[in-house]
Amino acid sequence: METPQPAVDQVLVQVSRAGINYVDVYERSGAYPCSMPFVPGGEGAGRVVATGSDATGFRPGDRVAWEGVSGSYAEYVAVPAAKALPVPDGIDDELAAALPVQGLTAHYLATASYRIAPGDTVLIHAGAGGVGLLLTQLARMRGARVLTTVSSAAKAEASRDAGADHVLGYQDFAADVRRLTDGAGAHAVYDGVGASTIDGSLAALRRRGTLVLFGGSSGQVPPLDPQRLARAGSVLLTRPTLADFVADRAELEARFSDLLAWVAAGRLRLRLHSRYPLAEAARAHRHLADRATIGKLLLVPDRSGAAS
């Protein structure tokens, strides 16, 4: 493909790292329909090489990160200035590329879709995934007791290292949550797994608890009878997406600023699973879909180096 040219409200960025997220798998597989031809990826970090006439606040040489920009599996991406996030000198390209999607997601999950309060007990599925590890840390920062589910001993270790108080398997996790809460259940369940966990997630909630369904790595949840929410104890169900929590530029900047500050202070740690050459994006998708990863996956344009 030819190098894109920035529109008047865009900056052209030479990509240093592109982030891989499960939404990329949804789009590539057809679970989320996309118009063809289609270049995957929505997240990355790099250096501005050109600017459109109306892209004020940026100039060549600036380092930026972004999320929600289609076609980010590339060497060059035209990024709307409204989505470009300045990256300070203390944050390297790998941290900058790993933080936007999963970090912003964890931020809005903990502070907005359900506002975690001190003393809450929350259950986080896929506790060793990129969002799960960050959300666990944010939940602990907000004073919650954190339960997680994982699928292996290695993932259990990673989840505990992130601060989980109790790490559970997926079999009978609802009963385990009830046992650990003296029968009451969790104040909130964060479910990015979907089809295989939805029934247990509802059963793990306390009366008037909140189920935050933010993904479907095991498959999309089929239509759900609202009466099930009544029978589960007048619980709430929400299906949020990141775009609705960063649509306002001020909100986007505030959330990203929080994340950068926590990383700089050592309060929030990101775990990198692996780097893959851009040409091996298919292999990265297979690893992610097979649930064989712990932490963040990144793509590296071929000029920048090999996988590690």
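Reader: Leaving aside its neighbours within four places in sequence, with which residues is D24 in contact?

Author: Beyond the neighbours within four places in sequence, D24 is in contact with G19, G41, G42, Y73 and H285. Contact here means heavy atoms within 4.5 Å. This is a predicted model, in which local features need pLDDT of at least 70 and side-chain atom pairs count only at pLDDT 80 or more, while totals for chains, interfaces and linings use all residues. Residues are numbered from 1 along each chain as its sequence is written, and side-chain values use heavy atoms, with hydrogens and water left out.

Reader: In which helix is D24 found?

Author: D24 belongs to helix α1, residues 22-29. Helices are DSSP runs of H or I with at least four residues, strands are runs of E with at least two, and both are numbered from the N terminus.

Reader: What makes the link between the side chains of D24 and Y73 a polar contact?

Author: The two side chains are joined at 2.7 Å. A polar contact is a pair of N or O atoms within 3.5 Å; within protein, one must be able to donate a hydrogen and the other to accept it, and residues adjacent in sequence count only if both atoms are side-chain atoms. The 2.7 Å between D24 and Y73 therefore falls within the limit.

Reader: Why is T111 called buried?

Author: Buried means under 20% relative accessible area, exposed means over 50%, and partly exposed lies in between, with a 1.4 Å probe and protein chains only. T111 has a relative accessibility of 16%, so T111 counts as buried. T111 lies in helix α3, and its side chain reaches the backbone oxygen of H107 at 2.7 Å. Apart from neighbours within four places in sequence, T111 is in contact with R142 and R255.

Reader: What makes R63 and D93 a salt bridge?

Author: The closest N and O atoms of R63 and D93 are 3.0 Å apart, so the pair meets the limit for a salt bridge. R63 is in strand β3 (residues 63-67) and D93 in helix α2 (residues 93-98), so the pair ties together parts 30 residues apart in sequence. R63 is buried at 15%, whereas D93, at 23%, is partly exposed.

Reader: How do you know that D199 and R228 meet in a salt bridge?

Author: Their side chains come to 2.8 Å, N to O, so this pair also meets the limit. With D199 in helix α7 (residues 198-203) and R228 in helix α8 (residues 227-231), the pair ties together parts that are 29 residues apart in sequence. D199 is partly exposed at 48%, and R228 is partly exposed at 29%.

Reader: How many salt bridges does the structure hold?

Author: The structure holds 12 salt bridges. Among them is the pair of R283 and E280, with the closest N and O atoms 2.5 Å apart.

Reader: What makes a space a cavity or a pocket?

Author: On a 1 Å grid over the protein atoms alone, a cavity is a set of points where a 1.4 Å probe fits but cannot get out; a pocket is an open set with protein on both sides within 12 Å along at least five of seven lines; lining residues have an atom within 4 Å of a point. Grid points are joined across faces, edges and corners, and a volume is the space filled by probe spheres set on the points. By this rule there is 1 cavity of 30 Å³ or more, and the largest cavity has a volume of about 50 Å³. Residues lining the largest cavity include Q102, R269 and K296. Helix α4 (residues 130-141) gives the largest share of that lining, 3 residues.

Reader: How many residues line the largest pocket?

Author: The largest pocket is lined by 50 residues, with N21, Y22, V23, Y26 and V101 nearest its centre. About 1,200 Å³ of space lies in this pocket. Helix α1 gives the most to the lining, with 5 residues.

Notes: A salt bridge is a side-chain nitrogen of Lys or Arg within 4 Å of a carboxyl oxygen of Asp or Glu.
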